[in-house]
Amino acid sequence: MTASLHGKHRYQRIVSEEDKPPGEHSGSTKQTSFQWGLVKNLDDFFSQIYTYYSRQGFVCICVEELFKLVQFVFIVFISLILLMCVDYDFVLHYGDPIVVNGTTVGHRFQGQSVFSAIDFTKLNQLKIDQMFGVILFLFVAGLFWLGQSVYVAKKIWEAWQMKKFYSQILQICDDELINKSWSQVLQTLVSKQDEVPLCIDKERLTELDVVHRIARRNNFLLAMENKGVVSHLYRFPLIGERTFLTFGMKFNLKMILFSDPFATSWQLRDEYRKAANKFELAERLSRKFFWIGLVNLLLFPFVFAYQVLYSFFSYADVIKRNPSTLSSRRWSLYSRIRLRHFNELDHELKYRVDKGYKPGKEYMDCFPMKRIFIVIAQTIGFFAGSWLAIVLLANVVNEQLLFADYILVVISVLGFIVSVARSLIPDENLP
């Protein structure tokens with residue numbers, strides 16, 4: 001028996017568990033959909049959906065995040081070995097002749113393997129100040145690794161939740177993500193609102209609503225950049241004014257601007273809505289800049305050392321094989337902010353700047369390098385190339401010179417200098 005309600009809805013008899021056909025019990029699609037309904041923080045939820053799509057699924061996210069932890073442990077381990085456990089006497093003087101009364105009786109470290117250069121027993125011979133430095137180094141590294149582990153665990157848990165959402169609600173498995181465009185995923189998400197109501201304030205969200213929530217913070221940052229609230233123009237000694245923005249600066253800027261003014265990721269605090277509080281809030285923001293800057297200054301030695309080691313391990317092989325990489329052009333982080341559109345997602349921005357790389361490079365090549373830099377590069381290349389030619393010719397005349405001390409180092413360094421210098425000299429045959 002049913003009764004009409006407002007001419008549209010009808011009362012229905014509650015179906016007991018015994019009356020439900022197979023497949024419609026507690027594990028049904030409706031109950032599964034219910035647990036995803038009316039999400040409290042839609043900004044984070046939609047951002048997680050987009051991140052899960054852009055990083056190609058649960059397995060890829062887990063492997064990438066866990067390998068970051070392993071990579072950090074490796075850098076700390078190899079740094080400790082290089083600083084404390086390497087026998088540099090073995091490295092620098094391996095094969096040196098042992099001369100007794102003017103006669104060579106052998107060579108130093110002869111017959112020993114290269115692994116003999118690593119001596120872990122040197123850790124037991126450290127002085128008190130050296131031991132304190134090692135303990136401090138490992139303590140700071142351990143704290144950072146522990147914090148990263150908590151962050152990675154959080155990311156993996158969020159990825160697991162997204163995996164269930166994609167498979168149960170959107171009905172997209174990880175293997176299908178590589179063949180799906182973001183617009184298809186977005187259309188599927190919007191079309192599922194009949195089964196999974198996502199927002200309590202609005203009956204139905206559009207694709208624009210979803211994208212706006214994902215790009216909200218980037219939109220704020222872009223608006224402040226356009227209005228001149230945030231400036232990345234600095235005056236440097238000798239070279240004058242230059243734009244300068246690094247990933248670390250962007251991270252600190254977002255942390256300062258978006259952590260305190262916003263009660264949540266989308267809601268501005270009430271005190272920031274009142275003009276009478278602007279001087280007090282400006283003073284609070286100034287103090288926050290000071291303390292964040294102080295923390296960055298204290299962590300600078302550790303961050304700088306890590307960045308140097310990470311860059312060396314990451315790019316040493318690339319630079320060795322192709323030294324001209326040092327002079328190659330790329331889009332700066334500042335340019336990516338200036339060129340970004342409102343509500344533009346990361347993959348869309350990447351597609352645009354990648355398409356614009358070739359014409360952008362051709363445009364920049366229209367403005368030749370200052371003549372003085374070309375002259376300096378030509379001169380350095382001439383000197384290094386001349387010495388390299390002499391060394392190579394000498395090795396052709398006498399092959400035994402290849403076994404001379406440091407000859408391979410000299411050839412490698414001179415070849416590297418010549419390659420870099422040539423990459424800085426424009427092609428004379430081009431218009």
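A: Leaving aside residues up to four places away in sequence, glutamate 344 touches Leu339, Leu349 and Arg352. The model is a predicted one. Glutamate 344 sits in the loop that runs between helix H12 (333-338) and helix H13 (346-365). Its relative accessibility is 7%, so glutamate 344 counts as buried, the limit being under 20%. A polar atom of the glutamate 344 side chain lies 2.9 Å from the backbone nitrogen of histidine 341.

Burial can also be followed in a helix. In helix H8 (residues 207-214), the buried residues are Asp209, Val210, Val211, Arg213 and Ile214. They pack against three helices: H2 (42-54), H7 (182-191) and H9 (216-226).

Strand E3 (residues 97-100) pairs with strand E4 (residues 103-107) in the antiparallel sense, over four bridges. Proline 97 has histidine 107 in E4 as its bridge partner. Two residues separate E3 and E4 in this hairpin, and asparagine 101 in the turn has a positive phi of about 55°.

On the surface, a nonpolar patch is formed by Ile372, Phe373, Ile376, Ile380, Tyr406, Val409, Val410, Val413, Phe416 and Ile417, which together have about 900 Å² of accessible area. Helix H14 (371-397) and helix H15 (407-424) are the elements that give two or more residues to this patch. H15 supplies the largest share, five residues. Phenylalanine 373 is placed in helix H14. Phenylalanine 373 counts as partly exposed because its relative accessibility is 47%.

How values were computed:
Residues are numbered from 1 along each chain as its sequence is written. This is a predicted model: local features need pLDDT of at least 70, side-chain atom pairs count only at pLDDT 80 or more; totals for chains, interfaces and linings use all residues. Side-chain values use heavy atoms; hydrogens and water are left out. Buried means under 20% relative accessible area, exposed over 50%, partly exposed in between (1.4 Å probe, protein chains only). Contact means heavy atoms within 4.5 Å. A polar contact is a pair of N or O atoms within 3.5 Å; within protein, one must be able to donate a hydrogen and the other to accept it, and residues adjacent in sequence count only if both atoms are side-chain atoms. Two strands pair if DSSP finds at least two bridges between them. Patches are made of residues with over 30% relative accessible area and no salt bridge: like charges are joined within 9 Å, nonpolar side chains (Val, Leu, Ile, Met, Phe, Trp, Tyr) within 5 Å. Accessible areas come from the Shrake-Rupley method with a 1.4 Å probe; for residues, only the protein chains shown count as cover. A salt bridge is a side-chain nitrogen of Lys or Arg within 4 Å of a carboxyl oxygen of Asp or Glu.
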